[in-house]
Amino acid sequence: MEFYASTVEDGEKGLRLDTYLVMQDDIEESRSYISTLISNSHVSIDGVPVTKPSYSVQVNQKIELEIPDAVPVDMSPENIELDIVFEDEHLIVLNKQAGLVIHPSGTCKKGTLVNALLAHCDNLSGISGELRPGIVHRLDKDTTGLMMVAKDNITHRGLSSQLSARTVKRRYIALVWHIPVPDADRIDAPIGRDLNNRQNMTVLSTGKRAVTNYQVLRRFRHTSMIECRLETGRTHQIRVHLSVRKNCPIIADLKYGGCNPKEIPSTVRNRELQSDVLRIATHHMLHAETLGFIHPISGVEMEFNEAPPLEFRLVMKRLEKDMND
């Protein structure tokens, strides 16, 4: 059984109960399934079961949802190669490869980072639940780069508190279509689930606050390389902010327009560039390059840097070639 709890905020007053739950980042179920759960008394408000999906939520109400156990997923250890950057008895810092899902779910039952971690070490923190042992924060399936894993609950709480306090240094680099204007900016725009496509996120007035700082590092003809620094950590945050607010989708990002960029003149040269870049990339060009935090046990300030993967660098070469042609 999974449990979710949240409190209704000012901007969410008056929403239907099923709509409110659909919009929560941590809940990945469809609206129809959530409506069924409500009708079957799996949702309570301030401790009282509610069975009407159309119920209008009010500010400061505590909404609790329980999701019955689904078909069990495979939590057995799997021998999946990991690029370990740092490890001690309390935590692991790893350089995640593209295509690796973080934890098992209803749609991905094995072959995840959690399965790999269970094979790599015997002890992982349990704060995030039995399906997410050790997982302090997440990277999207096709985002590469640095992330931290906790081996014990004290370390997990310490790292989580730093994330909440926004003291963890997280620097990403991305290759995007177009060049954002201005060259450097702070995007402060709330993000929530797209009500028309629950698999996607979007900028939404009723969403949760999300803040991304970016700066252009290199300019190409129809693309650019940018640096992003996070103040918050919403689902798909960088991808959504760049695509929706700056019209600069990340190259090869299928969800948010990175495979079919708009407003690029349809010339032979541009079509060849787009085709080559997408063929080389194979996944969206977003990489977590820098990760810094204070070790929760030793108190030592730690910072790690990892260069982007080969395909990222090959896309860069193709963009440079296009500039020189």
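Predicted model: local features only at pLDDT ≥ 70, side-chain atom pairs only at ≥ 80, totals over all residues.
Local features are given at pLDDT of at least 70 and side-chain atom pairs only at pLDDT 80 or more, while totals for chains, interfaces and linings use all residues. Residues are numbered from 1 along each chain as its sequence is written, and side-chain values use heavy atoms, with hydrogens and water left out.

View 1. H295 lies in the loop that joins β14 (286–294) to β15 (301–305); helices (H or I, at least four residues) and strands (E, at least two) are DSSP runs, numbered from the N terminus. H295 counts as buried because its relative accessibility is 4%; buried means under 20% relative accessible area, exposed over 50% and partly exposed in between (1.4 Å probe, protein chains only). Leaving aside residues up to four places away in sequence, H295 touches D88, H90, L91, V300 and M302, where contact means heavy atoms within 4.5 Å. The side chain of H295 also reaches the backbone nitrogen of S298, at 3.2 Å.

View 2. N247 follows α5 and has a positive phi, near 55 degrees.

View 3. The whole structure contains 0 disulfides, a disulfide being a pair of cysteine sulfur atoms within 2.5 Å. For C228, the nearest cysteine sulfur belongs to C248 and is 10 Å away. C228 is buried, with a relative accessible area of 0%. C121 is buried too, at 7%.

Key
Polar contact = N/O pair within 3.5 Å; in protein donor to acceptor, adjacent residues only side chain to side chain.
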